[in-house]
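Please brief me on the model shown here.

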Amino acid sequence: MVDLTPHGAGPISAAEVAEVELYHPHGWWTKYVFSQDAKVIAIQYAGTATAIGLVALVLSWLMRLKLGFPDTFASITPDTYYQFMTMHGMIMVIYLLTALFLGGFGNYLIPLMVGARDMVFPYVNMLSFWIYLLAVLVLAGSFFAPGGPTGAGWTLYPPQAITSGTPGGQDWGIILMLVSLILFIVGFTMGGLNYVVTVLQGRTRGMTLMRLPLTVWGIFTATVMALLAFPALFVACVMMLFDRVIGSSFFMPAIVEMGTNPLPHDGGSPIMFQHLFWFFGHPEVYIVALPAFGIVSDLISTHARKNIFGYRMMVWAIIGIGALSFVVWAHHMYVSGMHPYFGFFFATTTLIIAIPTAIKVYNWVLTLWRGDIHLTIPMLFALAFIVTFVNGGLTGLFLGNVVVDVPLAQTMFVVAHFHMVMGVAPILVVFGAIYHWYPKVTGRMLNEAMGRFHFWVTFLGAYLIFFPMHYVGLVGVPRRYPEIGDTAFVPPSVHTLNEFITIAALVVGFAQMVFLFNLLWSIRHGRPAGDNPWRATTLEWQTAGTPPPHGNFGKELPVVYRWAYDYSVPGASEDFIPQNDPRPRTQGGSA
Amino acid sequence: MSAIVIFLALIAAVVGWWLSHQRLMSKPWLEAGPVTAFPETEASLMHPAKIGLGVFLAVVGTLFALLISAYFMRMVYADWQPAPVPKILWLNTAMLVLASIALQGAVSAAHKGQPDNLRLALLIGALASVAFLGGQLLAWRDFAAEGYFATENPATSFFYLLTAMHGLHIIGGLVALGRVNFRAWQSARSETLVLPTELCAMYWHVLLVVWVVLFCVLMGWAADLIDICRGLLT
Amino acid sequence: MAIALVLVLIVVGSVLFHVLSPWWSTPIASNWGYIDSTLVITFWITGTVFSAVVLFMAYCVYRFRHKEGQRASYEPESRKLESWLTVVTAVGVAALLAPGLFVWSQFVTVPSNATEVEIIAQQWQWSFRLPGANGKLGTSNTRFIGPDNPLGLNPQDPDGQDNIVVVAADLHLPVGKPVKMVLRSIDVIHNFYVPEFRAKMDMVPGMITYFWFTPTKTGTFEILCSQLCGVGHAFMRGVVKVDTEQDYLAWLQQQSTFAQLSAPTKTGALVEPAKAKAD
């Protein structure tokens, strides 16, 4: 036990300097609409992301209905199916998950968890949200544009994304999609600068990096990655916009549409787009996963009343995954026609990244070992996350291992894999996190009975959707087929399985309505929560009031004396010691 | 993708260097107290705006590194016909250098508390940048007059794309620089302008470096350099 | 408590589903049995890890669930355990990667005796070209595409004249002979996918890609497109027939060459069916 000099003349953190400059809202508009308070911006981000996410959810039902019952839903033509598919994918990955984890949880939790009064650039933070909203509106607007939204698939591969054989390719759909993405990236960059600099400069006294909760580590690393990865999508979008609007040939080779209609382009390289896209696209997976990793670590630790096992390893793993994820992008391109020797390199880097990821999984389950596990709803979601993440992560070893990928690439196996690992798993964390932090945001607990119903249906239902789907892909059914039709190698039983998956998807979808109802109902009728209902150590639970007031902490910022995981410390009277508790631990500490 | 991988390796080196001072090997559960023994692990005293701009410039650098990567990837195809770059780009480069020097002068004037010199330097910086943008427009006009439109050949498409991207960043910077100019003429107190002037100078220096790299790429020197390196290696 | 039971059921159910369900890869009809073996190895290793982690978790939840007066133990880390787990994981990953890379090196090394067959994709149909007597495919370019030349062969290239052109009809291959599939697209990206062959590759306009395999079973197999190529993607089907040597040669006799196709006045009737299909 090393007790370091208390109350020395350390440097004054920027958070205390910023206290003087903190912007104070004067009226209703600046308080709730054009607010510069990160907590309000967080709610705005989360609300917008949820709203557009619901659209994507409904689109997934329509797709599933077509896949399960192609004849009954003959009115869903291939055109509309591809439009639904594209919008579902793009919304879920970018406008829901990225925005919710970074814009929603990042804005709410970073200042509170590092002990800052607000983000360092509140005005830019506000702009970030409004540009994001504009991006969402442009995207939603494409539903009403002539020709409808683009049906190019969320990967937007040229040439098909901008040719006439694809819905929206020669209409407004693709243009609005590209413009919306460009806006999103601009807006995100503004927010991202805030998240990064707040973690760097806004930390309160005593909050060293190694005392940060893993939630902050996850969101911080993901933001750094996003700042460096999104420019690749930006460049790809701008260049495709040039090709589509003024007819340049960045990605467009000489092609003859429908065998008769030569296009004026010449010499462009479609593969170049894929490199740019996946240079963004692969880090994007971890941009969604790392915040989930961080949050789930804190949920498990708090609700098992035990410190997270191997905190240092967890931090190193986050950094290692973040760095490695920039050199694995071409594992999405094993059968793209790129030079086959790249396969050796990218398969190796991809499988190496499995090692730090596996370490994180081990440390989560080892945290449960000899814990005092409270099976609260956040804990249940955390356990469900581990199951689905391990499942989805392991199927990633099939697809990352270049030659095993060859028969599985572009089949339903891929769809099942990425939905399990970056759809279901992170969303389960989102739910767990909402059940965990809702009491801090509203001052009331979410209804327990509705919560448990929501958990069981969502977890078991999602597993029943996506686990069997792997086997549909193993049979050989390709993805992005609105219907497989009569195909010799597909046995009729696959159609039955498809019907089952569709029904499971509808049930899981409707369970989310219960969750939304619970969110609204509990604002008024939930059990009052108090300041620290989970008896957690981190700073957001030690605020002056609940919900935290403007400026987060009372007159003085908290000073941090310990790491974020002092649960069940031997000899201590309580089973948790808040980070800002100055009392020395009683003798008998470990090590 | 070599340009972007090299650029990100540089960023990773900077991040790694910073992380190496953050005691990532320490065991936080053994250390209680406000940890004043290790001031480097606390939030630094640098102004957040400077760090914010630094991070933003890293993002800008990534953007241009990616564009250059795309340029190199596209360059190896057979139909690539680089057009002769307009001569006026030399003059434009000189203008941007002048702007950068003027803003560096403004920083030292602000530090020394010389409001007149500060105003003059800021004004020269802004005017030189406007001249740069005007010159770029002239370059576009000349280029188009010679028949090199954006759709003519991928090489010309890239010329317009790269210069436009860089120009947009200069325009964005000019909004900030315009505000600093305005404030400098409004008040005689130069000390309040130290930070904004420093930020502008930092932004201009980086955009100058970006421009010089782009200029080398557009002139074909970068490709020559790669060929020479390849020749040396084999 | 229920959760511990459910976790066990998930493991048992998943394993039973894997073993008992009728859904598995279609019977293989090419030399890529190694790919299937690697896949099975991967299933074994990942299945074991999944079961172990989830069962361990279920045990923890059952054994350490909250009871009155219980307190968690305090153990920040264990370097020994973590190092062990890292090493074991690394070994497991290597066990997956090594066979994978070994088979990949075979996959990318085309044997020298492989015959070239060109596949040409367009929205939304398949065409084929086989070399003539000298075993060479003539050059091609999208710019040459016209009513008489739907595949864009270079009319000046002598190597191309005796190439056999099959537009929008079935492809035949002789059994037991390695083929190098040379892939080309004239509009958007497609992907040549026959599930029974296991191998697949994108066809990118402006590029020529390839893969190789040896058909090992005679029969009729369906070609699917497996890269989104527009609204007709799901309906872009073709047929490849793997014949005995004799049947193959018989089929070959009936096909017309590029020279015959591009000079319709001289060959008359032979060209008509092919042309009709091209239109």
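**Confidence and conventions**

Chain A of this predicted model has a mean pLDDT of 91, and 95% of its residues reach 70 or more. Here pLDDT is the predictor's confidence in each residue, from 0 to 100. Local features need pLDDT of at least 70, side-chain atom pairs count only at pLDDT 80 or more, and totals for chains, interfaces and linings use all residues. Residues are numbered from 1 along each chain as its sequence is written, while chains are lettered from A and ligands numbered from 1 in the order in which they are written.

- Residues 1–20 of chain A stay under 50 in pLDDT, and the model has 49 contacts for them beyond four places in sequence. Two residues are in contact if their C-beta atoms, placed from the backbone, lie within 7 Å.
- Residues 587–591 of chain A are also below 50, with 11 contacts beyond near neighbours in sequence.
- Where pLDDT is low, the predicted coordinates should not be read in detail.

**Chain B**

- Chain B has seven helices and one strand. Helices (H or I, at least four residues) and strands (E, at least two) are DSSP runs, numbered from the N terminus.
- Along the sequence, the pattern of chain B is α-β-α-α-α-α-α-α.
- The C-alpha trace of chain B spans about 70 × 50 × 30 Å along its principal axes.
- Of the 234 residues in chain B, 39% are buried. A residue is buried if 20 or more other C-beta atoms lie within 10 Å of its own, exposed if 12 or fewer, and partly exposed in between; C-beta atoms are placed from the backbone.
- For contacts in chain B between residues at least 6 apart in sequence, 78% join residues at least 24 apart.

**Chain C overall**

- Chain C contains eight helices and 10 strands.
- The radius of gyration of chain C is 27 Å, whereas a compact globule of 279 residues would be near 19 Å. This radius is taken over C-alpha atoms; the globule rule is 2.2 Å times the number of residues to the power 0.38.
- Along the principal axes, the C-alpha atoms of chain C fill a box of roughly 100 × 35 × 35 Å.
- Buried residues are 41% of the 279 in chain C.

**Contact between chains A and C**

- Chain A brings 95 residues to the contact and chain C brings 82 residues.
- Helix α12 (residues 377–400) of chain A gives the most to the chain A side, with nine residues.
- That side of chain A divides into 62 nonpolar, 23 polar and 10 charged residues. Ala, Val, Leu, Ile, Met, Phe, Trp, Tyr, Cys and Pro count as nonpolar, Asp, Glu, Lys and Arg as charged, and the others, Gly among them, as polar.

**Strands of chain C**

- Five strands form an open sheet with mixed pairing, in the order β4-β10-β9-β6-β7 (chain C). Two strands pair if DSSP finds at least two bridges between them.
- β4 (171–174) and β7 (200–203) of chain C are at the edges with a single partner strand each, so one side of each is left without a neighbour in the sheet.
- β4(C) runs parallel to strand β10 (residues 238–243) of chain C, joined by four bridges. C:L173 has C:V242 as its bridge partner in β10(C).
- Strand β8 (residues 209–213) of chain C is largely enclosed by the rest of the structure, because five of its five residues are buried.
- Strand β5 (residues 179–185) of chain C pairs with β8(C) in the antiparallel sense over five bridges. C:L183 has C:T209 as its bridge partner in β8(C).
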